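Below is a short briefing on helix packing and ring contacts. Please look over the model before reading on.

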Amino acid sequence: MRPPDIAEVARHSGVPASTLRYYEEKGVIESIGRRGARRIFGPGIYQQLALVALGQAGGFSLDEIAEMFAPDGRPRIERAKVQARARELERTIRRLQATRKALLHVAACPAPSHMECPSFTRMLKIAATGRLKSERRSRGR
């Protein structure tokens, strides 16, 4: 079986050729040569692209994802970094769930004015402490 060229990889993976070229420029993936003017890729390219997609879904930058590959293209994932990201995602999920709950309350609050609602005023006090902002700052974003 001949190695796939960039057009085949793009078609099969759904990742545009321009993105594949960008990934290569960033050191995330590597072509193994050329067939005419087209880059060709090794047999592990689809697994690499799946890892890139998973890493991006997990919030890793392309630079961080590039570090997850050994020079031969095989995964080299630091478990501590993944665990740290999972903990960060858990904090984000909890914050978003609390925000969703607050928004649903605000939308359905039966009080004549939101300022008369004890739950709403409690939410405002929490927001005024800057706790939501400090969570974002602590992650460096």
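At roughly what angle do the axes of α1 and helix α3 (residues 45–57) cross, and within what distance do they come? They cross at roughly 50 degrees and come within 11 Å. This is a predicted model, in which local features need pLDDT of at least 70 and side-chain atom pairs count only at pLDDT 80 or more, while totals for chains, interfaces and linings use all residues. Residues are numbered from 1 along each chain as its sequence is written, and side-chain values use heavy atoms, leaving out hydrogens and water.

**α1 with α3**
- The angle makes α1 oblique to α3 (under 35 degrees is roughly parallel, over 145 roughly antiparallel, 65 to 115 roughly perpendicular, the rest oblique).
- Axes are lines fitted to C-alpha atoms, for helices over the stretch in contact, with angles from 0 to 180 degrees between N-to-C directions.
- Helices are DSSP runs (H or I, at least four residues), numbered from the N terminus.
- α1 passes α3 in a right-handed crossing (the near helix is turned clockwise from the far one by less than a right angle; anticlockwise is left-handed).
- E8, V9, H12 and S13 of α1 meet I45, Y46 and L49 of α3; contact means heavy atoms within 4.5 Å.
- Four of the contact residues are nonpolar, two polar and one charged (Ala, Val, Leu, Ile, Met, Phe, Trp, Tyr, Cys and Pro are nonpolar; Asp, Glu, Lys and Arg charged; the others, Gly among them, polar).

**α1 with α2**
- Helix α1 (residues 6–13) and helix α2 (residues 17–26) have axes that come within 9 Å and cross at roughly 110 degrees.
- α1 and α2 are therefore roughly perpendicular.
- Their crossing is right-handed.
- I6, V9 and A10 of α1 touch A17, L20 and R21 of α2.
- This contact has five nonpolar, no polar and one charged residues.

**α5 with α6**
- The axes of helix α5 (residues 79–108) and helix α6 (residues 118–128) cross at roughly 140 degrees and come within 10 Å.
- That makes α5 oblique to α6.
- The crossing of α5 and α6 is left-handed.
- A102, H105 and V106 of α5 contact S119, F120 and M123 of α6.
- Four of these residues are nonpolar, two are polar and none is charged.

**Rings**
- The charged end of R85 sits over the ring of F60, 4.3 Å from its centre (NZ of Lys or CZ of Arg within 6 Å of the ring centre and within 35 degrees of the ring normal).

Methods. Helix = DSSP H or I, 4+ residues; strand = E, 2+ residues; numbered from the N terminus.
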